[in-house]
Amino acid sequence: MISLLGLQPAYMPNDELEFDYSVSNIDQSSITAVEVSVLWLTEGKGTEDMGVHFFQRLSGNSLNSIQWNQPQRVHVPLPESPLSYEGTIVKISWCIRVRFYFADGTELVSQEPFYLGTVTKAL
Amino acid sequence: MTGWWIIGSFGEASFFAACFLIGVLCLSISITSLQVGSGFWLLVWVSSALIILGAIGFWYRVLKVVTSDEHREAISHSGLIPGPTAKSKYVPPPMIPLLEPFTDSPGAKLAFRLPCPSQDTLALIGIGGFAMSWNAMLAIFFVVAIRSLFEGNIQYRLILLLIPGIYIGWRSGRLFFMSYVQALGIGSTTVEIEDLPLIPGKSYRVLLVQYGKLVIKKLTMRLVCEEESTYHYGTDIRTERSVVREQSVIVQGRSRIDWGRPLEMEGIVSIPNDAMHSFQSLHNAIHWKLIVEGEANRWPSYSRSFPVVVYPRAASKPASAD
């Protein structure tokens with residue numbers, strides 16, 4: 001199970017996003033890669049667009065020195081835009097996404113949304 | 001300039017169009033009838049000069065009508081091909097349209113003249129180009145047909161082909177001149193703005209200038225925020241738009257506009273505190289634009305759109321735009 005801690009519900013542009021993530025109840029030696037990303041997505045009527053603001057991938061020897069059941073802290077300075085938005089046919093949402101890959105080919109994903117800015121609605 | 005501007009401009013365009021057609025006719029006669037000699041080359045030279053003079057003069061007159069004097073002046077200063085731009089350390093906010101296309105044209109009274117991406121001008125040029133090429137081709141076939149008539153070797157198939165050809169040439173020429181007269185009468189619209197990019201919570205002066213020779217029944221300018229989504233529907237690609245904010249900026253009742261005396265109106269554009277910034281991704285967008293709509297006597301209603309860029313409140317402005 002992936003735990004995402006310390007994430008606030010809303011941030012202002014240029015704020016620093018700070019959160020912890022950890023994984024429990026798994027065999028740590030079976031982890032082959034870990035990916036952490038901060039991204040925005042569009043939803044609504046149109047085809048979905050995605051923009052990755054921050055991406056980190058850990059794999060190979062760098063995994064061995066990390067205790068994955070302990071919180072791993074990530075600092076990400078947020079951009080000025082795009083702000084979170086709930087329009088009529090266009091919606092923009094931000095989230096952090098953590099993905100663990102295992103030796104048997106399976107993966108574990110956890111995602112947590114947050115707001116960027118104070119503009120949330122079209123009207 | 002004195003007299004009725006429309007007749008003058010229309011007459012000049014017709015004169016250059018006639019020069020072009022005479023040039024094509026003379027060239028086709030010289031190529032089909034004359035032997036190569038000094039007289040032949042003289043005629044080819046004169047005909048080519050007439051064609052070039054006619055084509056350039058014709059399009060110059062047409063384009064002078066569809067763009068304003070100040071706009072052409074701005075283009076002549078900046079050049080059609082933009083020069084190399086200095087590298088700046090400023091990085092624009094992500095997913096917001098670049099500001100440069102909106103700020104590269106200075107205004108006469110306010111800081112920036114907004115671009116107006118219009119399909120009308122392109123359509124006019126397209127129709128005119130087709131009419132000119134078609135009628136030039138027709139003139140060559142016409143000369144060949146007349147020549148065969150005089151020689152007693154009548155080419156019936158060519159004459160039969162000329163009949164629908166003349167009809168298409170007449171219709172395309174008529175369509176072009178109707179669009180041209182409409183562009184002449186309504187004239188161009190320019191919008192200038194005090195500052196760019198626009199920031200939520202701030203107000204900006206705008207200037208609307210309507211050129212032409214017409215009696216306006218109503219002229220309005222609105223600030224509009226529009227969402228745009230592109231999606232696949234079966235094998236089609238569809239685009240849907242939805243206006244989510246609208247603000248009246250200028251409303252003008254009945255007024256008369258003459259050539260040399262354009263209608264100028266000022267207004268205030270206020271961007272609400274909680275407004276969303278401009279956004280552009282591959283399939284989704286949020287556009288802000290100033291829409292000018294006019295109703296005029298004896299002319300069809302028209303609508304012209306002037307996009308603007310709204311930044312988020314926290315975003316830093318580029319140094320060049322200050």
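In the predicted model, β1(B) pairs with strand β2 (residues 189-193) of chain B in the antiparallel sense. Two bridges make up this pairing. Phe112(B) stands opposite Ile193(B) in β2(B). These strands belong to an open sheet of four, ordered β1-β2-β3-β7 in chain B. The pairing in the sheet is antiparallel. Its edges are β1 (112-113) and β7 (263-270) of chain B. Each edge strand has a single partner, so one side of each is left without a neighbour in the sheet.

The average pLDDT is 83, and 86% of the residues score at least 70. Strand β3 (residues 203-210) of chain B has the highest confidence, at a mean of 95. Helix α3 (residues 69-78) of chain B has the lowest, at 50. Over residues 80-87 of chain B the pLDDT is below 50. Beyond near neighbours in sequence, that stretch has one contact in the model. Where pLDDT is low, predicted coordinates should not be read in detail. For the model, ipTM is 0.90 and pTM is 0.70.

The two chains meet through 24 residues of chain B and 24 residues of chain A. On the chain B side, the elements that give two or more residues are β4 (214-233), β5 (236-252) and β9 (284-296). The largest share, five residues, comes from β4(B). By class, this side of chain B has 13 nonpolar, eight polar and three charged residues.

Pro82(A) lies in the loop between β6 (72-77) and β7 (85-86) of chain A. Pro197(B) lies in the loop between β2 and β3 of chain B.

Positive phi values also occur in residues other than glycine. For Asn14(A), phi is near 75°. Asn14(A) sits in the loop between β2 (10-11) and β3 (16-23) of chain A. This residue has 13 C-beta neighbours inside 10 Å, so Asn14(A) counts as partly exposed. For Met95(B), phi is near 65°. Met95(B) is found in the loop between α3 and α4 (100-103) of chain B. Met95(B) is buried, because 23 other C-beta atoms lie within 10 Å and the cut-off for burial is 20 or more.

Technical notes:
Residues numbered from 1 in each chain as written. Chains lettered and ligands numbered in written order. Predicted model: local features only at pLDDT ≥ 70, side-chain atom pairs only at ≥ 80, totals over all residues. Contact = placed C-beta atoms within 7 Å. Nonpolar A, V, L, I, M, F, W, Y, C, P; charged D, E, K, R; others polar. pLDDT = per-residue confidence, 0-100. Pairing = 2+ DSSP bridges. Buried ≥ 20, exposed ≤ 12 C-beta atoms within 10 Å, placed from the backbone.
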